[in-house]
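Take a look at the structure below and see how a few of its labels come about.

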Amino acid sequence: MMCLLAFSQGKQVQGVVKDATGEAIIGANVLVKGTTNGVITDFDGNFALDNVSPQDVIVFSYIGYVSQEVTVGNQTTFNIILKEDTETLDEVVVVGYGTMKKSDLTGSISSVSSDRIASIGTSSVMGALQGASPGVDITTNSTRPGASFNIQIRGQNSLNGGNPLYVVDGIVVSDIDFLNPSDIEKIDVLKDASSTAIYGSRGSNGVVIVQTKGASSAKSQLSVSYDGYYGVRSLARIPDFMDGREWIDYRTSRYYSWNATTNSYELTDASKTAITQNSTSVNQALYDQDYTDWLDLGTRNGSQQNHYVNLSGMGAGITYNLGIGYQSEKGNFENEDMDKFIFKGSFAHKANKYFNTGASFTMSHQVINTGSEYGYRDILRMPNVLKAYDENGDLIEQPGIAANIGGAGNFTSSANPLIELSSGNQQTRRFDILGSFYFELTPIEGLSLKTTFSPLFNRTRNGHYFAQNSNRDQDEAGNENEETFEWTWDNVITFNKTFNDKHNLTVTLINSLYKTQYEYVNVAAQNFPYDSQWYNIFNGTINVGDSGSSYTQTSMVSFAARVNYDFAGKYMVTGTVRYDGSSKLADKWAAFPSLAAAWRLSEEDFLKDTDWLSNLKLRLSFGYSGNNNGVNAYGTQFAPNTGSTVYYDFGGQVVSGFGLGTPVNRNLTWEKTREWNVGVDFGFLRNRINGSIDFYDKLSDNLLMQRTLAIESGVASMTDNIGSVNNRGVEISLNTVNVQTEDWNWTTGFTFAYNKNAIRSLYGRKEDVPSEARFIGEPINVIYDYRVNGVYGYDEWMAMSEEQRAAMGADQPGFAKAIDTNGDGEMTTDDRVILGHNDPDWTGSITSTLRYKNWDFSFNIYTRQGVYINDRFLQEFGTAANNQRGRPKVNQDYYVPGGVDRADWNNFRIDENGQPWVTWKTSTENPTAKYPVNSMTGNFYGNNGSYQDASFWKVRNITLGYTFDKQLISKIGLSQLRLYFNVLNPFTFTDYVGWDPEYATTTLQNGNGPSSVTYQFGINLKF
């Protein structure tokens, strides 16, 4: 009652809200801070707000404007002027060795905020980046815990592939899998050559700059936050595999033989026996339709969790940030899991206006167990007509051998995959330590001299152990260790000056020293006296052929300069040049220049007062960047062949040494990419609609290929810079604010990217190389094979003459109907054509967030279209692709000839002991089948049985959250509390047949298994 009385004693305040030009702002929010007491302005910008106390703070806000907070005090009337919010334009972007305002950018750079990364709820930073930036194509390569990702920025530049350059807090790293997504402050992706040229010989594949939460983010004396979630991961979207009877039907087809004399298919009595092996247990399972769900026996519900605590603060000229995180993920298969710990800190101290110092470190420890890859593989290969357990409930060691199925022969001699799953393991243990120490001197205003030393250490151990069982006659193990130590020393001079209030100049001079050393040792052994895993490796018999070691060391010295100039925020020019010298090359030095310009039309007088236009900027850039990934540490040095030992006579004694290595190309140099980029940034209706459009043209030249040499040289081939590839495309990013009222806010974001990849030259010539499936003007990764259209039905085949059959490769009915693409009347290898390509024609994403009062609802959709692949799933389980008739198959429309014996599932024979047996009936042909049966495909089918479209639309996540009222939670010492429920990968829309189109080219044992859906509950809180 007292609270209600106090509330009723508040007063009414009123006023008007306008913009800087005096125009009334309709629908502006007027809200008492920390409460739900608020109104919106009317058509004249007026408002009246009741129940306001003198100590209250009123927040005035509207989309596209800077919010204002005003303490009420004795005021009852307010005249509020909101300034246009240029946050979108003034957002700070990391550009490499510095930062810039987004409004001053002349290159193509995409930024991804921490909110976007945290909202996805993945255990990987790369997973959270998927679909966030146009032109950045990211796919996961496995369904297993700790799976890595494949990434391409603006297409594939090299015939040898390659990843972008990753820079974490100024330190170049090989990947960002060791990071915790909750520790990310921001990610900037540098895409065009104007942006990447500052990284010279390492920038042509794009640059991903990660900024973690550092000391600069501290805003108060002490702030403590916790972000965490727990999720349950369940299997989803299991393909339509054949049941036992359907599989026996397919198996029957594999036993058919063609009788050329009678022009008919036959099934011999011996084949009938082999189909079921006259097995009592198999026939009983077929009769009862009681099958073993091997996948269910070997899997479980997995889990996923992430916990991250962050402390930041400031005092006595020192700012600090400390973070500790733990991630855990249990996969759906037994014995597969991931644990990751991360501890980081950063400190900055401003001694006075001249001196500034700081340091940061990140320590990460990650352990990934993937169990037995053979168990993972075999549990998906085991026929469902075989039993896993005997009548006593014990595992059957070999479920498919004759003795265990009561049959005339073996279905398979493989070990029970449930035994294999528990008898082996593979473990990756990874340590990462990153450090950075800097000292900055500002002798005069606008001049900065900064030196930064950044060491990096990585140690990765891969161990495996597989116990003896029916799959191997002795146990085996391996221990592989990799150790990398790198350091970078950057010295940067920055001069920033404004002349006459309109001329803004920033000059950056850089000297960078980089050195790395890499050590590798691997030991493999077998026949251990006990289960020693991979630790006591020398207790076994060493396998010398699978063991080895190596050491490499490289260094690079770089000089770079960048000049940024803008006039009155309208005209901007950026010039960059980097000069790299590498120990990898004989001709060590190369320059990488770039030039970019931008014109912000919206600041011109003829557009400045246009109400509907908030921002309009045109950009043009040109530049070069490089790729040195294809040149190994000693690729241009003549060296001995350390891979083989040579024994020879030396002074009457037998000694060993190394033979001469093969000659090398001393002229080898970096692959180099030239790029044009034309872009436009726009914003309309006070930036309620904003985005960008970019067009680019990249030509990657001097690509590394193996040049075939004359026989007389004594060398078969030599690496040379003799290829070129072109990428052209368009990228679109669009953000909209659809609804903005007192209670409602609805925003959407769209991205679209189209890329055309084309080879321009091969081996120094503009000629196709069909033997390598590489063609001038076509993408690098094409599917080159015969085009087929179903199969030859019996009547169609009979209507053909012998000459026609011979010419078209139609030796018998059911063979693939290959298309004579060149029209010469016969099938030859010349009829092969390009059927498609692995890389998408286009990618896109849709994100949407709807807020109502304290509730928020969001979803994210990602798509890859025009993807055509040689599919690993169909290679394993396709009726036309896989030749193993004892392996499960997915349901497909395959050819069945007519007039030949086939199982009669409606009429089993029951013997005197009550044992059912399969009987036979005459089959009916399906002449319009899409697929032939493997082994009866013909000579002009190629690998068509495993080709398929892997395009998809995926709903990446759906989130529902609730943020508690600040006034309420402040009573328990909290400044923020949000609870949310998140679903990862709930829906996939695709015509793809298999586990998941995203990792369709991964092998079965490496993680091409069942897809999953994760249900998470999370909390964000701050003290």
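The questions below concern a predicted model and go through strands, a helix and salt bridges.

Q: Why are strand E44 and strand E49 called paired?
A: Two strands pair if there are at least two bridges between them. E44 (residues 855-865) and E49 (residues 952-963) share 10 bridges, so they count as paired. Their sense is antiparallel. One of the bridges joins Thr 863 to Trp 953 in E49.

Q: What makes E49 and strand E50 a pair?
A: E49 and E50 (residues 976-989) are joined by 10 bridges and run antiparallel. The cut-off is at least two, so E49 and E50 pair. Val 955 has Phe 987 in E50 as its bridge partner.

Q: Why is helix H10 called mostly covered?
A: Of the 9 residues in H10 (residues 373-381), 8 are buried, where buried means under 20% relative accessible area. Among the buried ones are Tyr 376, Ile 379 and Leu 380. The cover over the buried residues of H10 includes helix H9, helix H12 and strand E24.

Q: How do you know that Asp 290 and Lys 387 form a salt bridge?
A: A nitrogen of Lys or Arg must lie within 4 Å of a carboxyl oxygen of Asp or Glu. For Asp 290 and Lys 387 the N to O distance is 3.6 Å, so the pair qualifies.

Q: What makes Lys 954 and Asp 996 a salt bridge?
A: Their N to O distance is 3.0 Å, and the limit is 4 Å, so Lys 954 and Asp 996 meet the definition. Lys 954 is in strand E49 and Asp 996 in the loop between E50 and E51, 42 residues apart.

Q: How do you know whether Lys 954 and Asp 996 are buried or exposed?
A: Lys 954 has 4% relative accessibility and Asp 996 has 3%. Both values are under 20%, so Lys 954 and Asp 996 are buried.

How values were computed:
Residues are numbered from 1 along each chain as its sequence is written. This is a predicted model: local features need pLDDT of at least 70, side-chain atom pairs count only at pLDDT 80 or more; totals for chains, interfaces and linings use all residues. Side-chain values use heavy atoms; hydrogens and water are left out. Helices (H or I, at least four residues) and strands (E, at least two) are DSSP runs, numbered from the N terminus. Buried means under 20% relative accessible area, exposed over 50%, partly exposed in between (1.4 Å probe, protein chains only). Contact means heavy atoms within 4.5 Å. A salt bridge is a side-chain nitrogen of Lys or Arg within 4 Å of a carboxyl oxygen of Asp or Glu.
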